[in-house]
Amino acid sequence: MYWICFGDSANGMLLFARQALDPAMDRSRIISLIDDLSIGDISDLRNREARSFGVCPWRNDPEFADIAEECVTRYFQDAIPAFETVDEAVIWYGDSPAEQCGMLRAAHDLYMRDVPFSLVHVDQLKGEELPPPERPAASAVGIITENRLLNFTLQHTPQFLLRQIPRIIAKRNWRNRRAQLVVYRSVGELEPEAASVFYSRRRRVQDCEAKLLYSRWGQLVRENAPLRVMKDGKLVSAPADYYDETILANTPEEETCAAKVVGLSIPECNINDCLIFERIRALAAAGKLEIIKNGGNYRDTTVKKSNKA
């Protein structure tokens with residue numbers, strides 16, 4: 001049995017939670033297909049040049065450019081061959097465009113190879129369904145606040161008392177959430193206790209449904225649009241400028257850090273930060289916003305809405 005997920009956050013969550021979910025699950029059997037297939041040309045998923053942005057969206061960031069090629073190489077040499085040896089799988093996915101595309105691609109390939117698989121669909125839980133947070137293992141705790149006097153007090157507080165504070169906060173948050181509907185957009189957002197609920201709901205995909213998933217991915221490949229997006233709860237092909245209106249709406253008329261625009265746009269678009277920054281650059285090239293300070297990444301770039309917008 002293998003677990004298939006999409007992206008580093010989902011992989012990290014499953015690695016952390018695997019012992020609680022299934023003690024027999026070895027970390028080598030968790031395969032993360034990190035290529036964001038909601039972006040770009042999907043006609044040939046083995047084309048490194050065409051898929052480099054999907055695999056490594058931060059490749060143009062000067063701070064990380066030196067490891068970008070290593071990331072792409074590791075994906076094509078390790079993750080893809082591992083996925084092709086899977087004999088039975090559980091696919092973990094949420095409702096982000098990247099995870100929806102990943103699920104369809106994985107289902108397509110597994111069906112084509114006649115490999116049985118199950119689905120764990122992460123969407124929402126009633127707060128009352130959330131188990132209480134797990135008791136963390138004993139470890140050293142350090143707490144820093146904005147109050148210097150309180151910091152001095154905490155610095156001299158015994159560890160056995162400090163360790164109670166995170167537990168109290170976690171329990172309080174859990175009690176507050178029990179009256180709410182908790183919505184998760186991706187697997188990486190899950191807490192281990194929530195992951196256990198979704199994992200208990202996993203379901204084996206029958207041949208007729210697998211065939212439909214296979215066909216749906218084939219249709220998206222034939223359309224091969226610049227983007228694939230969630231619209232009215234469905235994954236559809238879309239033009240490259242699909243998110244531009246939202247990005248412009250989050251760009252003020254006065255100069256601001258592009259990171260703020262990215263941060264405001266992520267919850268509405270539910271896409272990765274690097275794609276939003278790519279669209280900011282495209283909008284600037286089209287004269288719809290202005291780049292005031294041109295940094296190598298959105299943290300070092302400032303923008304404002306163009307008077308022509």
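Biologist: Okay, let me start with a strand pairing: which residue stands opposite Thr-302 in β12, on the β11 side?
Modeller: That's Lys-293. Bear in mind that this is a predicted model.

Biologist: And how many bridges join β11 to β12?
Modeller: Four, and the two strands run antiparallel. β11 covers residues 289–293, while β12 covers residues 302–305.

Biologist: What about β10, how does that strand run relative to β12?
Modeller: Antiparallel, with two bridges joining β10 (residues 256–257) to β12. Here Cys-257 stands opposite Thr-302.

Biologist: Switching to helices. At what angle do α2 and α3 pack?
Modeller: About 105°, with their axes 10 Å apart. Angles from 65 to 115 degrees count as roughly perpendicular, so that's what α2 and α3 are to each other. Helix α2 is residues 48–55 and helix α3 is residues 65–83.

Biologist: Which residues meet there?
Modeller: From α2, you have Arg-48, Arg-51, Ser-52 and Val-55. They meet Glu-69, Cys-71, Val-72, Thr-73, Tyr-75 and Phe-76 in α3.

Biologist: How does that contact split by class?
Modeller: Between α2 and α3 there are five nonpolar, two polar and three charged residues.

Biologist: Last topic, confidence. What's the average pLDDT?
Modeller: The protein averages 87, and 85% of the residues score at least 70.

Biologist: Where is confidence lowest, and where is it highest?
Modeller: Lowest in helix α6, residues 159–162, at a mean of 58. Strand β4, residues 117–121, is at the other end with 98.

Conventions. Residues numbered from 1 in each chain as written. Predicted model: local features only at pLDDT ≥ 70, side-chain atom pairs only at ≥ 80, totals over all residues. Heavy atoms only, no water. pLDDT = per-residue confidence, 0-100. Axes fitted to C-alpha atoms, helices over the stretch in contact; angles between N-to-C directions. Parallel < 35°, antiparallel > 145°, perpendicular 65-115°, else oblique. Contact = heavy atoms within 4.5 Å. Nonpolar A, V, L, I, M, F, W, Y, C, P; charged D, E, K, R; others polar. Pairing = 2+ DSSP bridges.
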